[in-house]
Amino acid sequence: MKLATLKTGARDGALVVVSRDLTKAVKAEGIAPTLQAALDDWTAAEPKLKALSDSLNGGSAEGVFDFDPKDCEAPLPRAYQWADGSAYVNHVELVRRARGAVLPDSFWTDPLMYQGGSDSFLGPNDDIPTGDEAWGIDFEGEVAVITDDVPMGVAAADAGKHIKLLMLVNDVSLRGLIPAELGKGFGFFHAKPSSAFSPVAVTPDELGDAWDGGKVSLPLLSHLNGELFGKPNAGEDMTFTFPTLIAHAAKTRPLGAGCIVGSGTVSNKQNTDHGSAIADGGVGYACIAEVRMIETINSGQPKTPFMRFGDRIRIEMKDASGASIFGAIDQQVVKYDGP
């Protein structure tokens, strides 16, 4: 089934069930008022939501209305936990190579993860407000999972059963602010503003054979200002699967229902000398920083600019038949002039 949250003026919106083709929806009134409420009691809510989904897709549901992603909040407008990993070590390796640093061997066995701000997510069509273009505005296309309650110390072999929903992410990054923050030795804060999520979150069965319990083997499509920028396959070169990332996050603490765990920027290994951009026959990239790293490695300096005010990014994933699975994140960068 596919679930979304409509904007209502309330902090957490209203939970709706969305048809498989993303054209119709019905409110989940009487089952759960919000997605967080459903996740808090998933055992009871899930079969009722599925029955409503079946009736919607079968044409027998009452109260059906047209679904418009522009009316949506993020599936979870705010979450108790947003833990973003870096499952694609190829991306990290390029970052290190671009600045002449060696990648520690431990990066291949111990996931990187940071705790992001989860109190004010952006909806799939919300603008990306930014104070200054000099901050280095970048998008990051990712896949994420939402869990139920995860016990502290869960093993990776058992963590997969806690994955209840999946969605797409635009983990907005301000690249120009990252070096100074990391230089303090205390991690990201200003450099990681509000992230945006796809219009719908889906149960794993909606992905069919593309989901193997740990990763999604489909291309993640990114269009920058209408031009295809990247189509890396999210199932390739994923060093750490989602169960591994969940187990890592829960090593010293339990994770509450509604915890979001991100994959980090989807990145495929490519020939960095030539052929990695879409125009050169490659699969491109899920963020601007990655092509800038390759440019730096090859020519000593980056050429591709970061995003500017007015630029638009669209992130989407389609099934084998070409149908959108999660709907599209479609956002424009705008100048933020203060409250």
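How many cavities of 30 Å³ or more does a search of the whole structure find? The search finds 1 such cavity, and the legends below, which describe close-up views of a predicted model, begin with it.

**View 1. The largest cavity and the residues that line it.** About 30 Å³ of space lies within the largest cavity. Its lining is made up of Ser86, Val89, Val92, Phe107, Asp110, Pro111, Leu112 and Phe240, and by class these residues divide into 6 nonpolar, 1 polar and 1 charged.

**View 2. The largest pocket and the elements that contribute to its lining.** The space in the largest pocket amounts to about 960 Å³, and of the 31 residues that line this pocket, Val95, Arg175, Ile178, Leu182 and Phe188 are the closest to its centre. Two or more lining residues are given by each of β5 (82-85), α3 (89-98), β6 (113-115), α5 (178-183) and α7, with α3 providing the largest share, 5 residues. Sorted by class, the lining of the largest pocket holds 15 nonpolar, 7 polar and 9 charged residues.

**View 3. Strand β2 and its pairing with strand β1.** Strand β2 (residues 14-18) is largely enclosed by the rest of the structure, because 5 of its 5 residues are buried. In a regular strand, side chains alternate between the two faces of the sheet. In β2, Ala14, Val16 and Val18 point one way while Leu15 and Val17 point the other way, and all of them are buried. Strand β1 (residues 2-6) pairs with β2 in the antiparallel sense over 5 bridges, and within this pairing Leu3 stands opposite Val17 of β2.

**View 4. From β2 through β3 to β4.** Strands β2 and β3 (residues 24-27) run antiparallel and are joined by 3 bridges, in which Val16 has Lys27 of β3 as its bridge partner. The hairpin of these two strands has 5 residues between them, and there Leu22 takes a positive phi near 65 degrees. Strand β3 is in turn joined by 2 bridges to strand β4 (residues 65-66), again with the strands running antiparallel, and Ala25 stands opposite Phe65 in β4.

**View 5. Met317 in the largest nonpolar core.** The largest nonpolar core has 70 residues, and those with the most contacts inside it are Leu166, Met317 and Phe326. When neighbours within four places in sequence are left aside, Met317 is in contact with Val143, Leu168, Val216, Leu218, Pro219, Leu220, Ala234, Ala323, Ser324, Ile325 and Phe326. Apart from this core lies another, of 31 residues, among them Leu3, Leu56, Leu76 and Ile260. In soluble globular proteins, nonpolar side chains tend to be buried together.

**View 6. Thr265 and its surroundings.** Thr265 is placed in the loop between β16 (260-262) and α7 (288-299), and with a relative accessibility of 3%, under the 20% cut-off, Thr265 counts as buried. Although 179 residues separate Thr265 from Ser86 in sequence, their C-alpha atoms are 6.9 Å apart in space; Ser86 is also one of the residues that line the largest cavity. Not counting residues up to four places away in sequence, Thr265 touches Tyr88, His91, Glu140, Gly141, Glu142, Ala286 and Cys287.

**View 7. Thr130 in strand β7.** Thr130 belongs to strand β7 (residues 128-130), and its relative accessibility of 3% means that Thr130 counts as buried. With residues up to four places away in sequence not counted, the residues that Thr130 touches are Trp135, Ile137, Leu174, Phe309, Val333, Val334, Lys335 and Tyr336.

**View 8. Pro77 in the loop between β4 and β5.** Pro77, placed in the loop that lies between β4 and β5, has a relative accessibility of 8% and so counts as buried. The C-alpha atoms of Pro77 and Ser118 are separated by 8.4 Å, with the two residues 41 residues apart along the chain.

Notes: Residues numbered from 1 in each chain as written. Predicted model: local features only at pLDDT ≥ 70, side-chain atom pairs only at ≥ 80, totals over all residues. Heavy atoms only, no water. 1 Å grid on protein atoms, 1.4 Å probe; cavity = no way out; pocket = protein on both sides within 12 Å on 5 of 7 lines; lining within 4 Å. Points joined across faces, edges and corners; volume = space filled by probe spheres on them. Nonpolar A, V, L, I, M, F, W, Y, C, P; charged D, E, K, R; others polar. Buried < 20%, exposed > 50% of the residue type's maximum accessible area, 1.4 Å probe, protein only. Helix = DSSP H or I, 4+ residues; strand = E, 2+ residues; numbered from the N terminus. Pairing = 2+ DSSP bridges. Core = buried A, V, L, I, M, F, W, Y, C linked by side-chain atoms within 4.5 Å. Contact = heavy atoms within 4.5 Å.
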